[in-house]
Amino acid sequence: MTGSEPARVAAPGEGITEHELQLAARNHGLPAEALRYDLTPVGLHYLLIHYDIPDLDRSTWRLRIGGAVQRPLELRLDDLRRRHRVTSVVTLECAGNGRARLVPRPISQPWLLDAVGTAAWTGTPLAPLLAEAGIRPGAVEVAFTGADHGVERGVEQDYARALPLAEALDSGVLLAYEMNGMPLPPQHGWPLRLVVPGWYGMAQVKWLTSITVLDEPFTGFQNAVAYRLKQDPGPAGTHDTGPAGRHDTDDPGEPVTRIQPRALMIPPGYPDFMSRTRFVRLGEQIVQGRAWSGWAPVDRVEVSTDGGATWVAAVLGPALGRYAWRSWGYRWSPAGPGEYELLTRASDEAGNCQPGEQPWNRQGMANNMVQRIRVVVTG
Ligand SMILES: Nc1nc2c(c(=O)[nH]1)N[C@H]1C(S)=C(S)[C@@H](COP(=O)(O)O)O[C@H]1N2
Ligand SMILES: [Mo]
């Protein structure tokens, strides 16, 4: 699919627009202090909803599994709830996390570093259902469609994302109907969502209504146009909404897939209301946080208390699951009153790490630049 206006890139020095503010208020982030909870309380988990939360009815809702299968299936929620039940603790992160600090800023949901959360997702594994439907030879991808509908850069669509067949058949992929032991709330996909452990948020399709096995690669907007690592900056100041009919950019870009490693701090001390600069009183501080990666287990978290000049390893806590964040802690004894800059970074067993300076991309995807927090130590 190519008939769409490119997303706009902010002009030099241009502040947050009313469109970005509107998105930010609808799609709230995790308050950073909520990193303290192993499982994010449901109302504190970040949210990303492209269109509207759809109005669904339990009695008429169905999940349809079709396309390149031998036996198409149609299931009610109760049919799914009677199947094999699995609970997995999984960290979700939006691929646009960190976008608001890129220069130039891609105009979209303006995340700082708050688009993350961890929940216990309960549901039934997808692979046995696909086996029951009977995947036909030659199948290559599986598309997942939600009930939400909207227009994006001129293209009207139901939210839909596809996975390569091998990823869809991974034993960790769940059709989830509960979050932290409660039925999914409307904003997180009631009655059913996909959970693809380790992948960025866009793969975790909410309000799921159909699963279509494909024998050709999916050409839907959310795979072919959005969620790609593109370089071409395009003209600054072009519109972010508007009629169809223009090629996105000539650069098709690499698809966004799994979550890059990231460590975040629970901001120490107490904040200034406006700037959120932190204040701590002189004395030993236990700096704590969480770290995760969708590629491989996190094996190292480091902290710098001198603006990145020197780094010290933090002590790692247990991982809550293969694709869940793990806690970390670091004892910090500031030398004296004054201003400090605290940084943290994680790396994983596959050797992925976090850059000090963020390489730019057109949609602001998969950024994992190290976090920096300003701390004022008072006497
Ligand atoms: N149907 C549907 N599924 C969706 C979305 C959406 O807009 N519609 N947003 C996606 C994106 S971009 C993210 S980051 C995650 C956010 O999941 P959460 O709101 O439960 O945290 O949902 C994904 N699934
Ligand atoms: Mo997202």
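A salt bridge is a side-chain nitrogen of Lys or Arg within 4 Å of a carboxyl oxygen of Asp or Glu. In this predicted model, the side chains of Arg-262 and Glu-93 make such a pair, with N to O at 2.8 Å. Side chains of opposite charge can pair when their charged atoms come close.

The domain assignment divides the chain into domain 1, residues 7-255, and domain 2, residues 262-378.

## How the domains meet

What area do domain 1 and domain 2 bury between them? The figure is about 2900 Å², with 58% of it on carbon and sulfur atoms. On the domain 1 side, Leu-35, Leu-102 and Leu-113 lose the most area to domain 2, and together they account for 21% of what that side buries. The C-alpha centres of the two domains lie 27 Å apart, and the contact takes 44 residues from domain 1 and 23 residues from domain 2.

Polar contacts also cross this interface: the count between domain 1 and domain 2 is 18 residue pairs. Three strands each supply at least two residues of the side of domain 1 that touches domain 2, namely E3 (86-93), E4 (116-125) and E11 (228-229). Of these, E3 gives the largest share, four residues. By residue class, this side of domain 1 divides into 22 nonpolar, 11 polar and 11 charged residues.

## Around ligand 1

Now for the ligand. Which residues are the closest to ligand 1? They are Tyr-46, Asp-148, His-188, Arg-193 and Lys-206, out of 18 residues that surround ligand 1.

Oxygen atoms of ligand 1 take part in several polar approaches. For Tyr-46, a polar backbone atom is 2.8 Å from an oxygen atom of the ligand. His-188 uses its side chain instead, with an N or O atom 2.6 Å from a ligand oxygen. Lys-206 likewise brings a polar side-chain atom to 2.5 Å from an oxygen atom of ligand 1.

By the salt-bridge rule, the count comes to 17. One of them joins the side chains of Arg-58 and Asp-78, at 2.9 Å from N to O. Arg-58 lies in the loop between helix H1 (18-26) and strand E1 (63-67), and Asp-78 lies in helix H2 (77-81), so the pair ties together parts that are 20 residues apart in sequence.

## Backbone details worth a look

Where do cis peptide bonds turn up? One joins Val-103 and Pro-104, with omega at about -5°. Pro-104 is found in the loop between E3 and E4, two strands that each supply residues to the side of domain 1 touching domain 2. Another cis bond runs from Trp-190 to Pro-191, with omega near 5°. Pro-191 sits in the loop between strand E8 (182-183) and strand E9 (193-195).

Asn-180 is worth a glance too: its phi is positive, about 50°, although this residue is not a glycine. You will find Asn-180 in the loop between strand E7 (174-179) and E8.

Key
Residues numbered from 1 in each chain as written. Chains lettered and ligands numbered in written order. Predicted model: local features only at pLDDT ≥ 70, side-chain atom pairs only at ≥ 80, totals over all residues. Heavy atoms only, no water. Domains from an automatic or database assignment. Contact = heavy atoms within 4.5 Å. Buried area = accessible area lost by both parts, 1.4 Å probe. Polar contact = N/O pair within 3.5 Å; in protein donor to acceptor, adjacent residues only side chain to side chain. Nonpolar A, V, L, I, M, F, W, Y, C, P; charged D, E, K, R; others polar. Near = heavy atom within 4 Å.
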